[in-house]
Amino acid sequence: MDGGTQGAAAAAWENGTLAAVDRLQSDRADSPTPGLVEGTEPGAGQRSAMFVHAQSFEDLSTEVEDREAQLGKSEGCDAEEFNVLVGEKPAQEPRNNFSSDNKTKEEDISSEAWRSHKKHIFVLSEAGKPIYTRYGTEEALSSTMGVMMALVSFVEAEKNIIRSIHADGCKVVFLTKSPLVLVGVSKTCQSDKELLRELHYIYYQIVSLLTLTQLNHIFQNKQNYDLRRLLAGSEYLTDNLLFRLERDPSLLLSAVTCLPLASSFRDVVSSGLQAAKAKNLVFSILLAGDRLVTLVRKKDQFLHHIDLHLVFNLVGSSSSFREGEGWTPICLPKFNTAGFFHAHISYLQPGSELCLILVSTDREDFFNMSECKQRFMERLSKRSAFQALKEALKCPSYSVAQVGIPELRHFLYKSKSSGLYTSPEFPTVYQTDGEQERLMRLYQDLHSALHHPTRPLRTFYRCGETENMLALVTSGFELYLCFSPLATKAMAVAAVNKLLKWIRKEEDRLFILTPLTY
Amino acid sequence: MLMISPKMASGMQEKQYTPCLLNFFIYNPTFGPREGEEEKKILFYHPSEVEKNEKIRNVGLCEAIVQFTRTFCPTKPAKSLHTQKNRQFFFEPEENFWIVMVVRNPMIEKPNKDGKPPTIEYQEEEILDTVYGAVVRQCYSMYKLFNGPFSRAMEAGGVELLMQKLEKFFYRYLQTLHLQSCDLLDVFGGISFFPLDKMTYLKIQSFVNRVEESLSLIKYTAFLYNDQLIWSGLEQDDMRTLYKYLTTSLFPRHSEPELAGRDSPLRPEVAGNLLHYGRFLTGPANLKDPEAKFRFPKIFVASEDGYEELHLIVYKAMSAAACFMINASVEVTREFCEQLDGLVGPQLTLLASDICEQFTINRRTSGPEKEPQFKFIYFNHMNLAEKSTIHMRKTASVCLTSVHPDLMKILGDINCDFARVDEDEEIIVKAMTDYWVVGKKSDQRELYVILNQKNANLIEVNEEVKRLCATQFNNIFFLD
């Protein structure tokens, strides 16, 4: 083993490079094989991971280890702070077909249309009071939610826990997260675990608005408190999150995707953020739409992917941040369910997709953060990186044709150690919303099968009438491929190697290989 | 100083519990609609010792679950409820009659130090809904085979008669459920057919025709060899249930006396009749016995106007068994039985040795018997034919499989995947243990293969399965 490292060191020396020998770097083969060790797969960060990421979605169900914020605990929220957040207006240009939702809210719950929705989500308090419903109004559903609560408590009375109810083509999944109860009703063939994962996200979404401490406090004081009073105006965040859950692979993979950008430019941006630090600044995040440009964090502080997705959701759902500099409290529940962080959210330029999020521990830090942004902007324009960024924004994605595998239609590749994934844009066969959702569900199926809680699999291949799917998990990566139904198994096997080689070649652009800290 | 006594050390071991039957009950919500009358809804409850209020509570929960599910899908009733500790399966075979089976999840008991009670960990992902849902449906089919539908007892003697019949049947039947060894084969509930050459098959068919011709009372006939079906005049669904009864209950109880030594007590008194080995498995044990009773079990099978009641005569010679079914309104007499014995006994004995000979020849030409090269399960939804080289032999008590239970569950998972979409599919997976499992669904047929070739890749696995299909299923087209 030592011999190998020494050999690599000797080779490095012989080649005359002055760079310190990086074991990881020397192990980064150009033709990665599925047998790679974690940390050497394409897309693996060369220093350390940027954020804590779940190895798999099971992580969601493990209790949050209350990582006490060592950065001075944020004081509990007061109503004023809270209003800043929930007072946000929903995005004026709602994403895609999102605008119809206001209509469905008023739907008659005894109607066939209400029943036939693919997925219902309900949130209620332990007193059985409605807090959220995806379709219809909470008032009309109060008796239905009462029944849900009755079922939960009945089973609880037997010192047991209700999990799910199954009928042909319909399932009901329960999640009790005191003081809330979440119920999902799905007519898709999604597995229980997938649905449960979505309910967890909704739970964290609500906690991110209130903190768990406050949530507990409210219900300890008044058991039948109507939480909608506090959450009014924030439903769009949950609606939007649900929409993302159906469409966005990042939530499925517990990973984040990056804006393709030459590593030299990305490094300039990262070091710009690194330089624009402040005492209470914990995370600096630069987004381009749904894609991460870079993330710089305080040393020893990690951002959990769930928290990052909640930030993505907050930014993506609200248009008000476009109007100027936003300052909003946000609880990052995987970091600390007890307190608020304060996020400075602003777009780099009006009309630009580039959004900077500076997360501070101090609620009085607005002007400091604003100044950090200025410093960052100055540095960015000085080094002409801004121009490069704007260029990169023009092609935020890539076509699968670039990989050069004819029968390959689409793929998802996740580097486990960095928690980053890459995926091409949807090909023409999956242009409609319906087709894209269907493809996502196929990926969900593969994901569930590979990550079965007791019978996990290494490889899953499905040959069907509309497409052939192949998924594999190794210690370093997860790979999901979608082929045309004409592809053979031999093609699929060859495609894996070819694709890994291609990703290795492109990893500088597709991943963040050198994450920075302040 | 720390000393661990051997007793303590052994006490520290984890204990593993397999899934087991917690409750089994049948209720009809319309029988006690008023408050305070809830007990009247309950028609059968196992275990019967359960306290009345708990019975009422458990039935109440089921009613609530069923009602609640209707909010979202009014046409599709709830089928199962998952909880941390158990799973409940609901089945409404006849309007308003609900059968509920509660199965405890397998669990691991981990001892704690310092005399604290052990920690129990429930394994919630081990039970497959499809398997146990099928078990509940099988319970009802078996009841119906011997008693007719619930409505029959209701018409004949009201709730009381139905409760008596349920008690009598399920008290014994539930003891024969072996929940820990249920698997994919229960989902299929298939019939294993005996492979036979055309000539011998024709011989059997002409035998059946001749017997039905001479003994015109016989309405239906079924013919089995070696616990495998060769010919049946019954509807498929009835044959499936009857087949299950014969192979898991009746045949195992009458283990081959032909194989026992001459002086063995197992060998029945052939009473000087050395012309044949025929004997009745139902009805009289010995025809020569003047005290012999000519009572046969009654079964109910589907007919044009609902169902018909039949006497079930099972007659066996060596490994060949023939079932004769006679309208229940006719009394089966000693004369009839003697006639049947005289006619069928010698012919069946002859047929049995013919089939045996054929079988041995075939086996010799196809190579010596050895551990099957491929482990597979095949099922055809059209004719219910099933074939498994994974299961050694299904007996009344245990079902031995030659593969790890987790692999069997992966087969079950793939089967669930297939059931979701109505199109031809192929699924190939590699388990963490490096076993490959292949499932193919093609035009009502399903094939599952387990391959123990750890270093093989997808292409090699595909080649192996192709080879299997070529040797075992050469006339069946499977999607490639």
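## Two helices in chain A

A crossing of helices is right-handed if the near helix is turned clockwise from the far one by less than a right angle, and left-handed if anticlockwise. In this predicted model, the crossing of α12(A) and α14(A) is right-handed. Helix α12 covers residues 263–275 of chain A and helix α14 covers residues 366–382 of chain A; helices here are DSSP runs (H or I, at least four residues), as strands are (E, at least two). Their axes (lines fitted to C-alpha atoms over the stretch in contact) lie 9 Å apart, and the packing angle is about 145° (on a scale from 0 to 180 degrees between N-to-C directions).

Let's see who meets whom. From α12(A) come A:Val269, A:Ser271, A:Gly272, A:Leu273 and A:Ala275, while α14(A) brings A:Arg375, A:Phe376, A:Arg379 and A:Leu380; contact means heavy atoms within 4.5 Å. Sorted by class, this contact has five nonpolar, two polar and two charged residues (Gly counts as polar).

## Where chain A meets chain B

Another helix pair links the two chains: α17 (residues 489–510) of chain A and α10 (residues 458–472) of chain B have axes that come within 8 Å and cross at roughly 165°. The two helices are therefore roughly antiparallel to each other (an angle over 145 degrees). The crossing of α17(A) past α10(B) is right-handed.

On the chain A side, A:Lys489, A:Ala490 and A:Val493 take part, and they meet B:Leu458, B:Ile459 and B:Asn462 of chain B.

## Domains of the two chains

Chain A is divided into domain 1 (112–246), domain 2 (256–394) and domain 3 (400–510), with bounds from an automatic or database assignment. The C-alpha centres of domain 1 and domain 3 of chain A are separated by 32 Å. Ten residues from domain 1 of chain A and eight residues from domain 3 of chain A make up their contact.

Chain B is assigned domain 1 (15–182), domain 2 (198–258 + 275–366) and domain 3 (374–473). Here 30 Å separate the C-alpha centres of domain 1 and domain 3 of chain B.

An unreviewed UniProt entry places "domain: FUZ/MON1/HPS1 first Longin" at residues 119–241 of chain A. This span is 46% helix and 26% strand, and its end C-alpha atoms lie 13 Å apart.

The unreviewed entry's feature "domain: FUZ/MON1/HPS1 second Longin" sits at residues 279–378 of chain A. That span is 26% helix and 34% strand, with end C-alpha atoms 20 Å apart. Such annotations may be inferred rather than shown by experiment.

## Reading notes

Residues are numbered from 1 along each chain as its sequence is written, and chains are lettered from A and ligands numbered from 1 in the order in which they are written. Local features need pLDDT of at least 70 and side-chain atom pairs count only at pLDDT 80 or more, while totals for chains, interfaces and linings use all residues, and side-chain values use heavy atoms, leaving out hydrogens and water.

Methods:
Parallel < 35°, antiparallel > 145°, perpendicular 65-115°, else oblique.
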